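Hello,

Here is the structure for you to look at. My notes follow below it.

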Amino acid sequence: MKRWFPCAYLLLVAVLLCSCSLLPYNDSSDLDLTQEEIDSVQNSTPAAISTPQKRNIKTISIYTVDAVNEELMPISVPLYDNDITPAFITDEVINNLEDTIKVTELEVEKGQIFVTLDSHYAPVYNCSKKYETLVLDCLANSLLDNLSYVEDVIFRCDTGAYHSQNYDFKINEVYRSK
């Protein structure tokens with residue numbers, strides 16, 4: 001019986017609170033404005049509405065592979081730093097390709113960039129000639145378009161000269177030039 005009293009008390013309080021909110025309340029005294037208040041609002045200048053400014057995010061254009069049409073497709077990627085480095089460009093190209101591609105080394109020397117690819121991953125390993133060419137073009141064109149100090153792109157494998165099922169380049173053979 002002692003357990004009934006707290007439950008009954010809580011039920012009574014809940015019913016009273018709910019019933020109070022259902023009663024109509026028609027006090028409109030807060031809505032009565034004087035003529036002075038109306039005039040002060042009409043004569044005041046509206047506050048400046050602050051619109052968020054568009055951040056001017058710089059972008060660079062790189063290339064990716066359109067898998068449907070099997071062709072190169074330029075895309076824009078955001079540049080949050082002002083540093084456009086070979087590593088940044090190759091990372092962005094790789095991140096926008098479907099296959100796993102690993103670049104093991106990037107070296108710039110006298111206007112030439114040496115891109116060393118892992119021979120266990122695409123485009124060196126297990127790719128059609130067309131797809132391999134597209135991936136190499138994506139990397140080469142993206143680097144040449146965005147790095148003014150690079151004139152030639154040379155691909156290598158981690159085993160030495162670039163060698164795949166489809167291509168066999170000499171050790172310093174230029175793949176693409178400006």
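**Phe-155 and its surroundings**

Leaving out residues up to four places away in sequence, Phe-155 touches Val-115, Leu-117, Leu-136, Leu-139, Ala-140, Tyr-162 and Tyr-175. Contact here means heavy atoms within 4.5 Å. This is a predicted model: local features need pLDDT of at least 70, side-chain atom pairs count only at pLDDT 80 or more, and totals for chains, interfaces and linings use all residues. Residues are numbered from 1 along each chain as its sequence is written, and side-chain values use heavy atoms, with hydrogens and water left out.

**Core**

Phe-155 is also among the residues with the most contacts inside the largest nonpolar core, together with Leu-117, Val-153 and Tyr-162. That core has 36 residues. The term covers buried Ala, Val, Leu, Ile, Met, Phe, Trp, Tyr and Cys residues joined through side-chain atoms within 4.5 Å. Buried is under 20% relative accessible area, exposed over 50%, partly exposed in between (1.4 Å probe, protein chains only). At least two core residues come from each of strand 1 (58–66), strand 2 (71–79), helix 3 (86–95), strand 4 (112–117), helix 4 (129–146) and strand 5 (152–157). Helix 4 gives the most, with 9 residues. Helices (H or I, at least four residues) and strands (E, at least two) are DSSP runs, numbered from the N terminus.

**Aromatic rings**

There are 5 aromatic pairs in the structure. Rings of Phe, Tyr and Trp (its six-membered ring) pair if their centres lie within 6.5 Å; planes under 30 degrees apart are stacked, over 60 edge-to-face, the rest tilted. Phe-155 and Tyr-162 have ring centres 6.4 Å apart and planes at 55°, so this pair is tilted. Both residues, Phe-155 and Tyr-162, are buried. Tyr-167 and Phe-169 make another tilted pair, at 5.4 Å centre to centre and 35° between the planes. Tyr-167 and Phe-169 are both buried as well. One aromatic cluster takes in Phe-155, Tyr-162, Tyr-167, Phe-169 and Tyr-175.

**Overall**

The protein has 4 helices and 7 strands. Their order from the N terminus is α-α-β-β-α-β-β-α-β-β-β. Of its 178 residues, 32% count as buried.

**Glu-70**

Where does Glu-70 sit? Its place is the loop between strand 1 and strand 2. Glu-70 has 44% relative accessibility, so it counts as partly exposed. Not counting residues up to four places away in sequence, Glu-70 touches Lys-130 and Leu-134.

Best wishes
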